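Please examine the structure displayed here.

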Amino acid sequence: SIQDIAADCATSRATLQRRLSAAGSSFRELLEQERERSACELLNEGQRIDDIAHLLGYGDTAAFQHAFKRWTGVSAGAWRTRHTEKTSTADQSQHD
């Protein structure tokens, strides 16, 4: 939570919010960026979508799926399929 991050930085929640705002960002924006990065990494590692939703703090898989599609424009399953195909193709070309 933002309160936890503020405590780790030895500052108040309000000060952290002001500093993020002055830098042109917000806690919510940074949280979303980190969730997207983590989701892609976990999908790449083969984690189940239900587990990823839970690990990233979503109340249910549907909420995670909606957020993932907003971030990437495709479902988590489609992203995994596309990314796996790209990785497989790259791996094959390295071995040829």
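Glu41 is partly exposed, its relative accessible area being 40%; here buried means under 20% relative accessible area, exposed means over 50%, and partly exposed lies in between (1.4 Å probe, protein chains only). The model is a predicted one, in which local features need pLDDT of at least 70 and side-chain atom pairs count only at pLDDT 80 or more, whereas totals for chains, interfaces and linings use all residues. Residues are numbered from 1 along each chain as its sequence is written, and side-chain values use heavy atoms, with hydrogens and water left out.

The side chain of Glu41 forms a salt bridge with that of Arg37, at 2.8 Å from N to O. The term denotes a side-chain nitrogen of Lys or Arg within 4 Å of a carboxyl oxygen of Asp or Glu. Helices (H or I, at least four residues) are DSSP runs, numbered from the N terminus. In general, side chains of opposite charge can pair when their charged atoms come close.

Arg37 and Glu34 are separated by about one helical turn because they are three residues apart in helix H3. Arg37 counts as partly exposed at 42% relative accessibility, and Glu34 is likewise partly exposed, with a relative accessible area of 37%.

A further pair in helix H3, which covers residues 27-44, consists of Glu32 and Arg35, three residues apart, or about one turn of the helix. Their side chains meet in a salt bridge of 3.6 Å, N to O.

Attention now turns to the backbone. Most residues other than glycine have a negative phi. Ala10, although not a glycine, has a positive phi of about 55°. Where does Ala10 lie? Ala10 is placed in the loop between helix H1 (2-8) and helix H2 (13-22). With a relative accessible area of 73%, Ala10 is exposed.

Definitions and conventions
Helices (H or I, at least four residues) and strands (E, at least two) are DSSP runs, numbered from the N terminus.
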